[in-house]
Amino acid sequence: MVIIIFSINIVYVSFFTIRMIMTLKGYRYLAAMVSMVEVVIYIVGLGLVLDNLDQIQNLVAYAIGYGSGVIVGSKIEEKMALGYITVNVITSEQSQQLPKALREKGYGVTDWAANGRDGDRQSMQILTPRKMELKLYMTIKEIDPKAFIIAYEPKSIHGGFWVKQVRKGNLFK
């Protein structure tokens, strides 16, 4: 019984985590389908615990399964890598080598001259699918290991050539 309760809770909380992230990323209909499965698993798991409250190990299994489910759900979402990120890069090297290399790999790059505490800099803003995030970082670090990198998730994206290319499925092939 303990293993069943533990396993059910891992699955339930993983679904909960994925559904929540899908909702936040705008995948409403997919999130709704996931929630239907999630609620069935939840009711079954909770029912097993409530029917066996006289045994403390069931309650402990429920709690440990819940915590483990958060970790498993987060790992699954990481692998799914839904959505996009915007990466700001500041480099002390003022050349077109880095922007050109990134554009050749399919990234949308806007670059401009910037001023920093220690002199002139080059600043870039790059939009990419999250699944390409680590490859982007590796490419930047290969060309400029000292580059300053900040990443964040944009709430909405509209316009520009890059968005059109994403919709056509022409990037990163």
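# Annotated spans, aromatic cluster and cavity in a predicted model

Student: Which residues does the UniProt annotation "transmembrane region" cover?
Tutor: The annotation comes from an unreviewed UniProt entry. The structure it is placed on here is a predicted model.

Student: How far apart are the end C-alpha atoms of residues 29–50?
Tutor: Residues 6–22 are 100% helix and 0% strand, with end C-alpha atoms 24 Å apart. Residues 29–50 are likewise 100% helix and 0% strand. For residues 29–50 the distance between the end C-alpha atoms is 31 Å.

Student: What is the distance between the end C-alpha atoms of residues 17–73?
Tutor: UniProt, in an unreviewed entry, places the feature "domain: DUF5698" at these residues. The span is 88% helix and 0% strand. Its end C-alpha atoms lie apart by 5 Å.

Student: Which element of the protein chain has the lowest mean pLDDT?
Tutor: Over the protein chain the mean pLDDT is 86, and 91% of the residues reach 70 or more. Strand S4 (residues 148–152) has the highest mean among the elements, 93. Where pLDDT is low, the predicted coordinates should not be read in detail. The element with the lowest mean pLDDT, 60, is helix H6 (residues 161–168).

Student: How many aromatic pairs does a search of the whole structure find, and are the planes of Tyr12 and Phe16 stacked or tilted?
Tutor: The search finds 3 aromatic pairs. The ring centres of Tyr12 and Phe16 are 6.4 Å apart. Their planes stand at 45 degrees, so this pair is tilted.

Student: Is Tyr12 buried or exposed?
Tutor: Tyr12 and Phe16 both lie in helix H1 (residues 2–24), 4 residues apart, about one turn of the helix. Phe16 has a relative accessibility of 26%, so Phe16 counts as partly exposed. Tyr12 has a relative accessible area of 8%, under the 20% cut-off, so Tyr12 is buried.

Student: Which helices hold Tyr12 and Tyr42?
Tutor: The rings of Tyr12 and Tyr42 have centres 4.8 Å apart and planes at 40 degrees, so the pair is tilted. Because the two residues sit in separate helices, the pair ties together parts that are 30 residues apart in sequence. Tyr12 lies in helix H1 and Tyr42 in helix H2 (residues 28–51).

Student: Which residues form one aromatic cluster?
Tutor: Tyr42 has a relative accessible area of 29%, so Tyr42 is partly exposed. Tyr12, by contrast, is buried at 8%. Both belong to the cluster, whose members are Tyr12, Phe16, Tyr42 and Tyr66.

Student: How much space lies in the largest cavity?
Tutor: A search of the whole structure finds 1 cavity of 30 Å³ or more. The space in the largest cavity is about 60 Å³.

Student: Which helix gives the most to the lining of the largest cavity?
Tutor: The lining consists of Thr91, Glu93, Ser95, Gln97, Leu98, Pro99, Gln122, Ile143 and Asp144. By class, these divide into 3 nonpolar, 4 polar and 2 charged residues. With 3 residues, the helix that gives the most is H4 (residues 97–104).

Student: How far apart in space are Ser123 and Tyr27, C-alpha to C-alpha?
Tutor: Ser123 lies in strand S3 (residues 119–129). At 8% relative accessibility, Ser123 counts as buried. Ser123 and Tyr27 are 96 residues apart in sequence, and their C-alpha distance in space is 32 Å.

Definitions and conventions. Residues numbered from 1 in each chain as written. Predicted model: local features only at pLDDT ≥ 70, side-chain atom pairs only at ≥ 80, totals over all residues. Heavy atoms only, no water. 1 Å grid on protein atoms, 1.4 Å probe; cavity = no way out; pocket = protein on both sides within 12 Å on 5 of 7 lines; lining within 4 Å. Points joined across faces, edges and corners; volume = space filled by probe spheres on them. Nonpolar A, V, L, I, M, F, W, Y, C, P; charged D, E, K, R; others polar. pLDDT = per-residue confidence, 0-100. UniProt positions renumbered as here; feature names shortened; annotations may be inferred. Phe/Tyr/Trp six-rings, centres within 6.5 Å; stacked < 30°, edge-to-face > 60°. Buried < 20%, exposed > 50% of the residue type's maximum accessible area, 1.4 Å probe, protein only.
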